[in-house]
Amino acid sequence: MIRTFFRAAILPIAALLVLLYISCTQGSQTQLPEGERLARQYCGSCHLFPGPELLDKKTWVQGVLPRMALRLGLGSPDSEAPNDDATRKRLMGILPGKPVISPGDWEKIITYYRESAPASLSVQADKPATQDTASLFQAQRSNIPVAALVAGLSYDSLNKRIFAGLKGGILYVFDGNLQAIDSFQTPSTAVQVLGRPDRGIDVLSVGPMVPSDADKGEWAQVSPRVEGRFQVKVQQKGLRRPVYMAQGDLNQDGRSDAVVCQHGHYTGKLSWHEQQADGSYKEHVIEERPGARIAYIADLNHDQLPDILTLWAQGKEEVVFYANKGNGQFAKENWLEFPSVYGSAYLEIADMNGDGFFDLVYTNGDNADYSQILKPYHGIRIFQNDGQNHFTEAHFYPMYGASKALARDFDQDGDLDIAAIAYFPSYLSGKPESFVYLENKGGYVFAPASFPEANTGRWLCMDAADTDGDGDTDLLLGSYSSSVSFAPMDIQGQWSSERRGVLLLKNKLKH
């Protein structure tokens, strides 16, 4: 009876609050200029509303808005895949079959961005001067020439090997000192390799390197070479640009499962793959949309169940927590969201202030899209955890085109430093910031340094590990010179001719 009374009393109040909220929202929207109101309605319907100040006028009008028009049914999928029937059919099922906005209203949105956006973006905020020499590291090349087409770089800590996957499907194997010991062909570019206890490997092959929805990616398990031969077992085929895989026992059955990020282009998904008793895997889709970049498996809410934390890019850029509810079920919780032009690139889980709670180190700087300009908001951000998994930005290090940042105690002084690379640095400046080592001085103060060979590669890949077994953390860098964005011709020629695709930064702390 009491429960019924409260339910009867609360429902009319809740309905009244909803009506008041809608009324207030509509009222505030009607006070906006018509172009802004429409932009917030349509451009903010699928992702965080992108303010006009994030890009310059020309980039909005000529680069981004024409792509947005396609999403609103004002265009043809043929422009995206004129020679790919399968992709065209797929796009026709995703993009609107008819306009969802009138041409007149769309023109008002264009006018709003054209009139409100700046003529050019400001330069990045001031930061400490970068020292020319990061004295902690010494650069070492591989003993064989490796083309600057490295799209995957992994250290196998189980078997102490380095794997470098090149565009076209060549996979090199090195020892911990970057001496070549083997190579073989993979179905397509190997973007990630995970070692197995039997000295075999799990190989994630991406399929096309360019933005694509083609289902040509695959996950295969490769046995150790015996009498010159490998045994290859394909676990999952038909993946759409898989870029990352995490492994762990998600359903607590004693078998290791996997989470695969299919980045795709217009399509993609995040899935967990349940290992069966016979060693095969059964796929369970967690969320179906493009842009899954990286996933972590860890018990982040301390309920004794392994959860999943994912960075999403590709339009709707956000950090999403998937709480494990048992029985293969996950509850979604949005932790952070960013504007659609931010270029989310990487995410680390690390306790940066030593308070016992994990923080998030977020990297944004992907510029391989429709707004290839220098952006002052590109860089590395530390989001501090309040202990309840609520996050606020505590530090920002500006870095044009930042693509990956790794937090480790490189100098072993008890706090976490950061090593970062930028795939889209400013080549217009005299000293593009392709690599930076940020030594932690405490209180979110970092001293930046680099090394003389920092610009001898266009670093797409990076991994951190004690590769030579001397007790400190080294760095591996992989160069991928094939890019759609600008780089000076003389530098591009150097990358191609010198064939220095892999670089080992040896930590000299224990030498």
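1. Two definitions come first. A residue is buried if its relative accessible area is under 20%, exposed if over 50%, and partly exposed in between (1.4 Å probe, protein chains only). Helices (H or I, at least four residues) and strands (E, at least two) are DSSP runs, numbered from the N terminus. With these terms, strand S23 (residues 417-422) is mostly covered, as 6 of its 6 residues are buried.

2. A word on the model. This is a predicted model, where local features need pLDDT of at least 70, side-chain atom pairs count only at pLDDT 80 or more, and totals for chains, interfaces and linings use all residues. Residues are numbered from 1 along each chain as its sequence is written, and side-chain values use heavy atoms, with hydrogens and water left out.

3. Now the chain as a whole. The protein chain holds 6 helices and 28 strands. Its C-alpha trace spans about 70 × 60 × 55 Å along the principal axes. The radius of gyration, taken over C-alpha atoms, is compared with a globule rule of 2.2 Å times the number of residues to the power 0.38. For 511 residues, a compact globule would have a value near 24 Å; the protein chain has 24 Å, so the two agree.

4. How much of the protein chain is buried? Buried residues make up 51% of its 511 residues. The accessible surface comes to about 23,100 Å², and 53% of that belongs to carbon and sulfur atoms. Such areas come from the Shrake-Rupley method with a 1.4 Å probe; for residues, only the protein chains shown count as cover. Contacts also deserve a look. Contact means heavy atoms within 4.5 Å. Among contacts with a separation of 6 or more, 53% join residues 24 or more positions apart.

5. Back to strand S23. Both of its faces are covered. Asp417, Ala419 and Ile421 are buried on one side, and Ile418, Ala420 and Ala422 are buried on the other. Next, its partners. Two strands pair if DSSP finds at least two bridges between them. Strand S22 (residues 402-408) pairs with S23 in the antiparallel sense over 6 bridges. There, arginine 408 has aspartate 417 as its bridge partner. S23 also runs antiparallel to strand S24 (residues 435-442), joined by 4 bridges. In S24, tyrosine 437 is the bridge partner of alanine 419.

6. Strand S16 (residues 317-326) comes next. Why is it largely enclosed by the rest of the structure? Because 9 of its 10 residues are buried. Strand S15 (residues 307-312) pairs with S16 in the antiparallel sense over 5 bridges. Isoleucine 308 has tyrosine 322 in S16 as its bridge partner. The two strands form a hairpin with 4 residues between them. In that turn, glutamine 314 has a positive phi of about 65°.

7. S16 has a second hairpin. It pairs with strand S17 (residues 329-338) in the antiparallel sense over 9 bridges. Glutamate 318 has glutamate 337 in S17 as its bridge partner. In this hairpin, 2 residues lie between the strands, and asparagine 327 in the turn has a positive phi of about 60°.

8. Look also at the open sheet of 4 strands. Its order is S10-S11-S12-S13, with antiparallel pairing. Which strands are at the edge? Strand S10 (242-248) and strand S13 (281-287) are the edge strands, each pairing on one side only. Neighbouring strands of this sheet are turned by 25° against each other on average, direction ignored. The axes are lines fitted to C-alpha atoms, for helices over the stretch in contact, and angles run from 0 to 180 degrees between N-to-C directions. Strand S11 (residues 257-262) and strand S12 (residues 269-275) pair over 5 bridges. Cysteine 261 stands opposite leucine 270 in S12.

9. Serine 212 sits in the loop between strand S7 (201-205) and strand S8 (217-222). Is it buried or exposed? At 12% relative accessibility, serine 212 counts as buried. Leaving out residues up to four places away in sequence, serine 212 touches Arg241, Gly264 and His265.

10. Asparagine 177 lies in another loop, between strand S4 (170-174) and strand S5 (180-185). Asparagine 177 is partly exposed, with a relative accessible area of 31%. Not counting residues up to four places away in sequence, it touches Gln140, Asp468, Leu504 and Lys506. Asparagine 177 and aspartate 355 are 178 residues apart in sequence and 36 Å apart in space, C-alpha to C-alpha.
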